[in-house]
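Reader: Before I rely on any label in a structural description, I would like to see the value behind it and the cut-off it was set against. Could you take me through this one in that way?

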Amino acid sequence: MSTAHERIWVGIDAGEGHHWAVAVDTDGETVFSTKVINDESQILQLIETAREKAGEVRWAVDISGRASTLLLALLVAHGQQVVYVPGRTVNRMSGAYRGEGKTDAKDARVIADQARMRPRDFALLSAPPELVTALQLLTNYRADLITDRVRLVNRLRDLLVGICPALERAFDYSAAKGPVVMLTEYQTPAALRRIGVKRLATWLERRKVRGADTVAAKAVEAAQSQMIELPGEKRAAKLVCDLAHQLLALDERIKDNDREIRSTFRTDKRAEIIESMPGMGPILGAEFVAIVGDLSGYRDAGRLASHAGLAPVARDSGRRTGNYHRPKRYNRRLRHIFYLAAQTAMMRPGPSRDYYLKKRAEGLLHTQALLALARRRVDVLWAMLRDKRLFTSAPPVTQAA
């Protein structure tokens with residue numbers, strides 16, 4: 001079958017329920033514009049339509065997340081080349097096109113046109129391996145659970161202030177399990193005074209609370225500092241009891257999720273290498289793999305550092321040269337991973353702490369020194385993965401040619 005065009009570019013404004021696809025030819029003229037339901041049969045029909053229109057089809061999407069999973073899987077399965085055009089680029093370039101309105105069709109046309117005019121500027125997309133996809137799902141779910149936990153703790157503390165401010169101040173409910181267990185039964189000063197230190201400690205010990213005596217003593221001491229019953233105390237106490245049960249159940253879900261993350265991550269052949277680096281435990285290691293995949297999208301350590309926002313970019317203008325600033329476009333979660341790992345490694349004796357202290361001696365603030373350490377560790381981790389070797393505190397010995 002003969003085709004009308006030698007090559008076309010199909011831009012897709014992806015969504016959860018439907019996508020909008022616009023194809024342009026080598027002159028930037030629209031070949032077709034259509035709405036596509038996020039369904040396998042309709043996406044396959046779109047692929048077939050594009051193939052009938054041109055001998056070569058290039059595809060571009062603005063979302064590489066869950067909304068476009070089916071779309072990308074089908075495109076890759078049918079040997080189609082797909083590039084990722086960031087949403088920020090689409091938003092900025094839309095103003096250069098005719099019309100002030102914002103529609104899915106216009107966004108799709110911008111995506112297609114940008115892919116046509118800037119073939120080297122955008123990264124190729126491919127279907128992630130099963131392991132990477134699994135880690136993405138597990139780590140994203142963990143982030144949701146942690147967000148829910150923070151909300152529960154804040155709500156619990158807010159209610160406790162309305163019952164007994166001294167009891168709210170007595171414990172760090174976000175870090176200690178014992179006080180939360182206590183709140184499933186005893187929430188008011190009167191109830192704590194009635195049971196007393198000894199009986200409360202025994203009750204906590206039966207529920208395998210560590211440091212039961214200390215928890216009981218601090219709780220009763222806080223209760224004895226307030227004799228008045230505050231308005232709404234009984235209703236607030238019931239809500240605190242419910243929140244405490246929810247928090248304990250959520251902690252178990254987080255533990256189960258963490259176990260699954262660790263077991264899944266350690267099936268990756270790179271897991272041992274990543275975990276050997278001080279500060280990079282299985283959770284941070286799993287998040288790292290979920291973001292970077294197989295590292296094929298990074299030409300060198302500098303590209304990885306740039307993606308993490310740890311490589312400064314030039315900001316020169318006129319006679320002003322040599323000015324650098326933190327990039328605005330980077331993966332904040334990836335940056336956070338390297339920052340947390342550097343913070344953990346810095347606290348123990350070793351090359352990471354020595355480098356941190358060196359930067360502090362040079363006049364850098366704590367955060368600046370940690371970011372400098374994080375940047376250096378990007379190079380180290382990159383080299384470890386490239387050479388497939390474990391971390392050692394001494395530099396590797398290079399063999400003479």
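This is a predicted model: local features need pLDDT of at least 70, side-chain atom pairs count only at pLDDT 80 or more; totals for chains, interfaces and linings use all residues.

Reader: Which residues gather with K328 in a patch of positive charge?

Author: R88, R92, R329 and R332 gather with K328 in that patch on the surface. Patches are made of residues with over 30% relative accessible area and no salt bridge, like charges being joined within 9 Å and nonpolar side chains (Val, Leu, Ile, Met, Phe, Trp, Tyr) within 5 Å.

Reader: Why is T89 called buried, and which residues does T89 touch?

Author: The relative accessible area of T89 is 9%, so T89 is called buried. T89 lies in helix 3 (residues 87-94), and, not counting residues up to four places away in sequence, T89 touches Q114, R118, F122 and R329. Contact here means heavy atoms within 4.5 Å.

Reader: How do you know that G28 is buried, given that G28 lies in a loop?

Author: G28 has a relative accessible area of 5%, and therefore counts as buried. The loop in question runs between strand 2 (18-24) and strand 3 (30-37). With residues up to four places away in sequence left out, G28 touches R109, D113 and R116. By contrast, G28 and N154 are 54 Å apart in space, C-alpha to C-alpha, and 126 residues apart in sequence.

Reader: What makes the pairing of R109 and D113 a salt bridge?

Author: A salt bridge is a side-chain nitrogen of Lys or Arg within 4 Å of a carboxyl oxygen of Asp or Glu. The side chains of R109 and D113 meet at 3.9 Å, N to O, and the pair is counted as a salt bridge. Both residues lie in helix 4 (residues 104-117), four residues apart, about one turn of the helix. R109, at 25% relative accessibility, is partly exposed, whereas D113, at 6%, is buried.

Reader: Which other salt bridges could be set beside it?

Author: The structure holds 18 salt bridges. One of them joins the side chains of D258 and R142 at 2.6 Å, N to O. That pair links distant parts of the chain, with D258 in helix 10 (residues 233-265) and R142 in helix 5 (residues 130-161), 116 residues apart. D258 counts as buried because its relative accessibility is 12%. The side chains of D379 and R375 meet in a salt bridge at 2.7 Å, N to O, and these two residues both lie in helix 16, four residues apart, about one turn of the helix. D379 is partly exposed at 34%, and R375 is also called partly exposed, at 24%.

Reader: Why is the phi of K208 worth a remark?

Author: Most residues other than glycine have a negative phi. Phi of K208, by contrast, is near 60°, a positive value in a residue other than glycine. K208 has its place in the loop between helix 8 (189-206) and helix 9 (212-224), and its relative accessibility of 77% is why K208 counts as exposed. K388 has a positive phi of about 55° although it is not a glycine. K388 lies in the segment after helix 16 (366-387) and, at 66% relative accessibility, counts as exposed.

Note on methods: Residues are numbered from 1 along each chain as its sequence is written. Side-chain values use heavy atoms; hydrogens and water are left out. Accessible areas come from the Shrake-Rupley method with a 1.4 Å probe; for residues, only the protein chains shown count as cover. Lys and Arg count as positive and Asp and Glu as negative; His and the chain ends are not counted. The place of a charge is taken as NZ of Lys, CZ of Arg, CG of Asp or CD of Glu. Buried means under 20% relative accessible area, exposed over 50%, partly exposed in between (1.4 Å probe, protein chains only).
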